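Work through the exercises below with the sequence and the model side by side, and try each task before reading its solution.

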Amino acid sequence: MAAFVLCIAVGCGFCPAAVRLRAAPLRRSVGPIAQLAEELVDLRSTLEALEALPHHDSVAQAVGGLAEVSEADIDSMAAACSVIEALAMDERAGASLLESSLSVASMRASAKRILATNAPNAAKLETVAELAEQALGAHRPYAAWAAISAGVARVDRWRTKGDGEVPLGRRMFRVLLRTLAATRNLAEFELWLGRTEAELGEAVNAEPELLSDAMAAVAEVGWEQHALAMNASLADAGFHPSTKALNTLMSARLASSELAGEETRQRGATRALDAFVHMRLTRAPPPDRASHALAVVACGRRKTSWSSLRNLMRRPWLKIPWNPTSANAAVGALVQAGNLRAASSAAKYLAESRMPATSMPFVELLRFASGPRADHAETSQVFEALERRLGATGAPLPARAVLLLLRRTRPPARQALLLRGARDCATAADAATLLGAAVVNWVSQGQGARAAAVLRWMHAEGYDAAHADSCGWIASAFCEQLPPPRGVAALPAARWAADTRSTEPLHGGAGGGAAVWPEGNGETSGGDDAAARAGGARGGVAGGGEASGGCLWSMALRACVSVEDAMSLGNVLESSGVLDLEAGTGRDLGVELLGACCACGGIDAAAVILRRMGPYAPPLAYVLLVEACCAEETPSMALAQATVGAMGDAGALRAAAVPEVVRLYVALIRGFGALAQLEQVTPDDQRRGAAGRRTWP
């Protein structure tokens, strides 16, 4: 009663303390809806500012990353488009797909036909090298290797027959090193690099053109330690690498740290700027416009506002020239940083300085618009603006733009979009990317026969399916449909694509490269090179680890929605020689195949796969099968216990990591708990190997 009277008194103003009561000031709500509304306004403002900029035909291709298209590229793109069109119309067309003139068999036959002519040996090897270069340009490294290996075998035969020391030739040797790097065969690459003096008659650092091409090739595939060693060798001999080689190194440093933590991203940007400052100060080699764009992207990681970014670009030690390439790169860097308001200010400054707009900032804006918080309408609006820009300059549509729009496109409409992208693709690399996207799209919609036909054709054509998505574009486009890779199931489905590509910077500061330009903290690492040595086979994936984030085989298996599709892909893997369960070849792909069968409810098929893997089965394979058995509506505990027993007998239980053992026990508790038999879960059962249940049912 006293409390009630006190409340009345305060409310009526009779209490002296009432004069001290003040209402809380109203605050502007900045919730998710308000933030999305502000981003939408900034997005439209930036898009309007970009569309108001003039066109410029001469830089449309340079900034968009499009090089001059060769005749081989045109044939490769036409073949890829015909495959997608044929399978889109009829899934039975896979049996009648024709090999192109750039397939592995065709390249090998062409090389043998050239070598059998009566031309001089040097001319024949020169022609074979030109043939292999066409295959490399068409993004078919294994087709190039078929031609190169035929040429090397013929040279060995000539030498054995006593025709003298037939030289391999500089062009042939240069293409050989590029092909070995493209196929990720590090052991053979190092072997042939050590034979440079024997083959060419000069030391390796006396060949600046050859070593520059090799440096660009190894930097592109992530072997930065070797790239730095080649740079140091050239510097010791008084030469310098080409601008293309250092641009590739800068791009690799930025790409390897793009999706990592903030500290790693800043370190990657600093190391990329180190290479640019070296080029600018020494003019050996001089930077070009591609170097300016990469330097601006690196600066965009350090400064996320337009005024600070512009001031950094003007610093005396940097002095990035203001040209159409660097200007568009600045807008793209600010969009990538998420500061659309600053990007809009930068676009207006481009208009004031009469700089033309190219496709680069439009693609970055499309990337932002197709993010997790965007919708299809806004993504389509940016995509249409990009199409208008490309149509005005006559440039083709890049595959990256198609895949960005694919993220916000309903599954039934994705096939038509992929067909459109294949007809209008820009390069042979884009055609290969769209082929991989078609594979994942068809598998995720239960059309595994179409996907298996494409994979079989790509293997015969010499594509590198193990690294078909090294940029992560396909995984990003299908991140909502693709489950996490096996063994990282604890990650949210929407985050796995970014987290699996979050790696530490590649081998910085090793060897003599630090004598040419600063290398930051000087950390070194050999993990990527060691993995490359272990995985130099056609499968391209090391036997003991997880599948690469860019592995098309792995993504296709994870996207399966039926056991039939998974087994169909498994048959293609085995017929292609990428997977051999009994021999342990492609062991991580075997785990993905087993996991796909488990995810689709095919535990019997998974048990057969595990039994075929035998002693090569890793602990994770046993864990996946046990989890699938225990997750059924009526848990199959007999098979689960037999699997645990086989795991103990094979020594996999002793070799299992702690997280794998925890997953195993959690699965057993779930299964026995569903049957009200928790007393069956005891450590002694696992130590004894579940005595009495060691045989497969």
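**Exercise 1.** In which helix does alanine 438 lie?

*Solution.* Alanine 438 belongs to helix H23, residues 428-444, where helices are DSSP runs of H or I with at least four residues, numbered from the N terminus. The model is a predicted one, in which local features need pLDDT of at least 70, side-chain atom pairs count only at pLDDT 80 or more, and totals for chains, interfaces and linings use all residues. Residues are numbered from 1 along each chain as its sequence is written, and side-chain values use heavy atoms, with hydrogens and water left out.

**Exercise 2.** Determine whether alanine 438 is buried or exposed, and find its contacts beyond four places in sequence.

*Solution.* Because its relative accessibility is 2%, alanine 438 counts as buried (under 20% relative accessible area; exposed is over 50% and partly exposed in between, with a 1.4 Å probe and protein chains only). Once neighbours within four places in sequence are set aside, alanine 438 is in contact with Ile84 and Leu418, contact being heavy atoms within 4.5 Å.

**Exercise 3.** Find where histidine 139 is located and describe its phi.

*Solution.* Histidine 139 sits in the loop between helix H6 (121-137) and helix H7 (141-160), and histidine 139 has a positive phi of about 65° although it is not a glycine. Most residues other than glycine have a negative phi. With 40% relative accessibility, histidine 139 counts as partly exposed.

Terms used. Helix = DSSP H or I, 4+ residues; strand = E, 2+ residues; numbered from the N terminus.
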